[in-house]
Amino acid sequence: MGLLFTATGCLATRNWVNDQLKPITGQQEQLETQVNNLHLERKLVLDSSTGPTFASGSASLSPNAKREIDAFLGDMEGPAGSATPAAGSGRVFVIAGYTDSVGHEAYNYDLGQRRATSVAGYLVGQKGLDPTQVRVVSYGASKPVDDNSSPSGRRKNRRVEIMVYQEKIAS
């Protein structure tokens, strides 16, 4: 008899958890559909290849990084020569923050998030992008593009990538 109550309790708990997850599962399916309908239109990597962008341990956007962002957006002009891409254009801006491997994993994840948020804040606050079109993500030190054992490699890994996705047009 005790085993029956335990099994029933587990099933009830499992059903309750599944009921709680239904809205999240639905949102995930909707997001997957949206992502499948997007293609990468443009990408900008803010790293030290054309000058300093992020100092070690810093999320402050350098003047050089702002110039690169401005030029990138200028190439994506919206209507009437506006320097800002058209609102409601079906574009999604994914801002991904990265770090070198110096420091603890949690610190690097947070630093990558702060770097991406700094760029997103500039895009929304200074360049007028619609905040509903901007997504921020951090990868911390998990996706290096160069060897972290040298200063130049660490400098390249301290970066933010701006990826612009456009909705696919159904054929």
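**Terms and their grounds**

User: Why is Val17 called partly exposed?

Analyst: In this predicted model, Val17 has a relative accessible area of 33%. Buried requires under 20% and exposed over 50%, so Val17, at 33%, is partly exposed. Val17 lies in helix H1, residues 2–36.

User: How do you know what span is expected for H2?

Analyst: The expected span is 1.5 Å times one less than the number of residues. H2 has 12 residues, and its first and last C-alpha atoms are 16 Å apart, close to the 16 Å expected.

User: Which residues of H2 are buried, and what do they pack against?

Analyst: Asn64, Ala65, Glu68, Ile69, Phe72 and Leu73 are the buried residues of H2. They pack against E1, E2, H3 and E4.

User: Which residues touch the most other members of the largest nonpolar core?

Analyst: The core has 21 residues, and Leu46, Ile69, Phe93, Ile95, Val119 and Ile162 touch the most other members. E1, H2, E2, H3 and E4 each supply at least two residues, and H3 gives the largest share, five.

User: What is Ile69 in contact with, leaving aside neighbours within four places in sequence?

Analyst: Ile69 is in contact with Leu44, Leu46, Leu61, Val119, Tyr122, Leu123 and Ile162.

Terms used. Residues are numbered from 1 along each chain as its sequence is written. This is a predicted model: local features need pLDDT of at least 70, side-chain atom pairs count only at pLDDT 80 or more; totals for chains, interfaces and linings use all residues. Side-chain values use heavy atoms; hydrogens and water are left out. A nonpolar core is a set of buried Ala, Val, Leu, Ile, Met, Phe, Trp, Tyr and Cys residues joined through side-chain atoms within 4.5 Å. Buried means under 20% relative accessible area, exposed over 50%, partly exposed in between (1.4 Å probe, protein chains only). Helices (H or I, at least four residues) and strands (E, at least two) are DSSP runs, numbered from the N terminus. Contact means heavy atoms within 4.5 Å.
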